[in-house]
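Please look over the sequence and model shown here before reading the briefing.

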Amino acid sequence: MTFLLYLVMFFLLLNAFAMAQSLIRDSCKKAADQNPKIHYNFCVKSLEENPHSKTARSLDRLVMSSTKNAVSKTTSMKGIVDKILKENRYEKYSEKPLRDCLELYSDATNSLTEALTIIKSRDYKTANVVISAAVGAPPSCEIGFKEGKEPLKSPFTKDNDVLFQMILIPLAFTNMLKT
């Protein structure tokens, strides 16, 4: 009897993971179809690596977990820049773009954190607007390094590309839910 119970539980868990995987792939496909800047493979991989996304049974759960992913990455980027500035590990002309990036990441973190609260209330239209305020942070940070007296190579290009994708995902998902 115990074996049968374990077997049933195993198949229920297996079914839940299969449903979540299908939801992730379908949602990422729709998001990538609606916004060519979203990379389908990145979307799927980033969500499948997240334990909360793996068990999601609805798009609103994916919105929550993808927004949390974006908050985590933005917070991490803010910490990296802050450490570079505190340890004075930067070139002469790069202090201003670094400080600009720090402010951009701080603002993006605040916007995304606010979006989490709004998402909990299921106001996806407002959440979409708030998340869209954060999406400009990575490209603006990159531009800051190119616009100075001496154009510099950003040390964050790869991370900013990832962050941009991570913010686009919940933006697309809230867009799907707001209609």
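What follows is a short briefing, grouped by topic.

This is a predicted model, in which local features need pLDDT of at least 70 and side-chain atom pairs count only at pLDDT 80 or more, while totals for chains, interfaces and linings use all residues. Residues are numbered from 1 along each chain as its sequence is written, and side-chain values use heavy atoms, with hydrogens and water left out.

**Packing of α5 and α7**
- The axes (lines fitted to C-alpha atoms over the stretch in contact, with angles from 0 to 180 degrees between N-to-C directions) of α5 (residues 95-120) and α7 (residues 137-146) come within 9 Å and cross at roughly 175°.
- The two helices, α5 and α7, are therefore roughly antiparallel to each other, a term used for angles over 145 degrees.
- Contact, meaning heavy atoms within 4.5 Å, is made by residues including Leu 98, Cys 101 and Tyr 105 of α5 and Ser 140, Cys 141 and Phe 145 of α7.

**Lys 120**
- Lys 120 is found in helix α5 and, at 63% relative accessibility, counts as exposed, the cut-off being over 50%.
- Lys 120 and Val 63 are 57 residues apart in sequence, with 9.9 Å between their C-alpha atoms.

Note on methods. Helices (H or I, at least four residues) and strands (E, at least two) are DSSP runs, numbered from the N terminus. Buried means under 20% relative accessible area, exposed over 50%, partly exposed in between (1.4 Å probe, protein chains only). Angles under 35 degrees count as roughly parallel, over 145 as roughly antiparallel, 65 to 115 as roughly perpendicular and the rest as oblique.
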